Amino acid sequence: MLRYTTRKLLLAVPTVLGILTLVFILLRMVPGDPVRLMMGDAALPQDVAALRHQYGLDRPLIVQYLDYIGHAVRGDFGRSLKSGLPVMGEILRVFPHTVLLAVVGLLITVALGIPVGVAAAVRSGTVWDYGSMALSLVGLSVPTFWLAVMMILVFSVRLGWLPITGGGNFSDPLGVLEHLVLPAVTLGLSTAAFAARMTRSCMLEVLAQDYVRTARAKGLPERTVIYRHALKNAAIPIVTTMGILLSRLLGGAVVIEMVFSRPGIGQLIVSGILARDYPLVQGTVSFFAVVLIAVNLGVDLLYAFLDPTIRFD
Amino acid sequence: MPRLLKALLKNPAALAAVLIMAFLVWVVVFPSSLTSYDPVKMSLSEKYAPPGSSHLFGADQLGRDVFARVLYGTRISLGIGFGSTLLALIAGAVIGIIAGYYGGWLDRALTVLMDMLMAFPSILLALVMVASLGAGTTNTVIALAVAMTPNFARQARSSVLSVRGKDYILAAEAAGLPPWYIMARHVVPNIMAPLMITASLSVGVAILSEASLSYLGLGVPPPAPSWGTIVNEGMKGLGLAPWVATAGGAAVTVAVLAVNLLGDFLRDVYDPRLKGMK
């Protein structure tokens, strides 16, 4: 296990560098002038040139790249064009809100989605199965931002139970919780549909296995068959697809933060794009990508922990 | 084809989905047949008119008829949804075929690139592309296509790998046929089926992503009535006029549901092994 972990950690280094490079390239796809875009067409050429020089955007691309990588690995993503504040500082300020949203959202997703998926697989072909899969299909078809708007309409506007926007101050835990409920529930519901479908297909595959048939033939109570044999083994493919689930969850979090005007990484990214704040977008997307890699690494390690056979891959 | 029709008639959900799709296609081509209102015409005297006899879905903050906006928005949302999926299908197929056919370092390099792109949530990738390219209809299509290409590439590559060693390919190579010919004439037809299935499942995602981008103000620019934009506009007067936001999102849900049902149905018919899996 230790060897596997070390190997994975070492592999993570070039992966992180690769992703940072990819982000750098993706943001410079179009040979346009970001400073001109920022300042608008009415700007004087000398002002544009001065700003370009100030931000080092007139240097050759390879120099810009090396400078970016060199600073990025030390956690320095430069300063926001709009606020002048260090990007990393902004990220760290809002990161706890995103983590809170993602963790609670994940808990809701797992608590809702996995049992439904398991039940649907066990009762395959019945009303229970078709019904829950139909419901989850609708859940997959509903846009997350719209679900959020409808939740706001019902719970904030009409009933006035919960606040509409903001994330609350961490010095006031109850306020934080108040601001967390709607976003987390929306995120959880939205992703639960996906989780239910995924769990169902994993369970179905396991239930078709011979050892399940043997367990039933031995006369074991159905409960033991499901929990002791099927579920334990289904946990492995479920964990593998957890990576895709987390990706969806984090993507959903970005949109949810915007709808609820909640501070967070996603909100930072989108507002950065809208303000054409190049360094902010670059820094936040890079940070987000690195977090994703870390999370996927965690999933890989969990997978290896559950299934010892893959440690020898 | 007849197998398809028979299966369709046995499945009420899929049948309903086909009818909804047909209706949506009609709306794309002839939106004026269902409404006499102009989706961008403002009429401030009718600001926030509630749904009723003169406005089926009510009016928005500029007095525009919401039903008309939703109808004309179908063109945008479905057009971008299908367009970006098609683009991703082609791009992904090309990449996957090249990677699978040639193998070696090219395959490894392309696979690593695709894997890295797949690590991103698709909305994030689309956002990054929009950050780079700017907003607007064409750029939205490109952004969404880039986000969806890795999935198609991976699917295509895996299909190509299973076809690669087949006798008819080896025979063609032995006969001295050029690689591009072999790829076009022999490889492509044999990998189309799983790619079409992936495509049918991706269209829904594309429509949702376009709506999300437009909601954020990063997709199709106003006053174009993209469904996402309609929901965004509906936010301002949510308490006064909930019908605006409700109509926009409901349209997306219905369209995506129909597409997903059809996709599920097509997958069940053409690849029953995958039945029950997603």
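**Contact between chains A and B, and the helices around it**

In this predicted model, the contact draws on 43 residues of chain A and 37 residues of chain B, two residues being taken as in contact if their C-beta atoms, placed from the backbone, lie within 7 Å. On the side of chain A that touches chain B, the elements giving two or more residues are α1 (2–26), α6 (127–141), α7 (144–158), α8 (173–207), α10 (222–259), α11 (265–274) and α12 (278–306) of chain A, where helices are DSSP runs (H or I, at least four residues) and strands likewise (E, at least two), numbered from the N terminus. That side of chain A comprises 33 nonpolar, 6 polar and 4 charged residues, with Ala, Val, Leu, Ile, Met, Phe, Trp, Tyr, Cys and Pro counted as nonpolar, Asp, Glu, Lys and Arg as charged, and the others, Gly among them, as polar.

Residues are numbered from 1 along each chain as its sequence is written, while chains are lettered from A and ligands numbered from 1 in the order in which they are written. As the model is predicted, local features need pLDDT of at least 70 and side-chain atom pairs count only at pLDDT 80 or more, whereas totals for chains, interfaces and linings use all residues.

Phe145(A), in helix α7 of chain A, counts as buried because it has 28 C-beta neighbours inside 10 Å, the cut-off for a buried residue being 20 or more other C-beta atoms within 10 Å of its own. Apart from neighbours within four places in sequence, the contacts of Phe145(A) are Val255(A) and Val259(A) together with Ser212(B), Tyr215(B) and Val231(B). Where α7(A) meets α10(A), Thr144(A), Phe145(A), Ala148(A) and Val149(A) face Gly252(A), Val255(A), Ile256(A) and Val259(A), a set of 6 nonpolar and 2 polar residues with no charged ones.

Chain B contains 10 helices and 0 strands, and its C-alpha trace spans about 75 × 45 × 30 Å along the principal axes. Of its 278 residues, 47% are buried. Helix α8 of chain B (residues 179–215) has 37 residues, yet its end C-alpha atoms are only 45 Å apart, short of the 54 Å that a straight helix would reach at 1.5 Å a residue, this expected span being 1.5 Å times one less than the number of residues. In α8(B), a kink of about 50° lies at Val188(B), shortly before the proline Pro189(B), the bend being the angle between axes fitted to the seven residues ending there and the seven starting there.

Terms used
A residue is buried if 20 or more other C-beta atoms lie within 10 Å of its own, exposed if 12 or fewer, and partly exposed in between; C-beta atoms are placed from the backbone.
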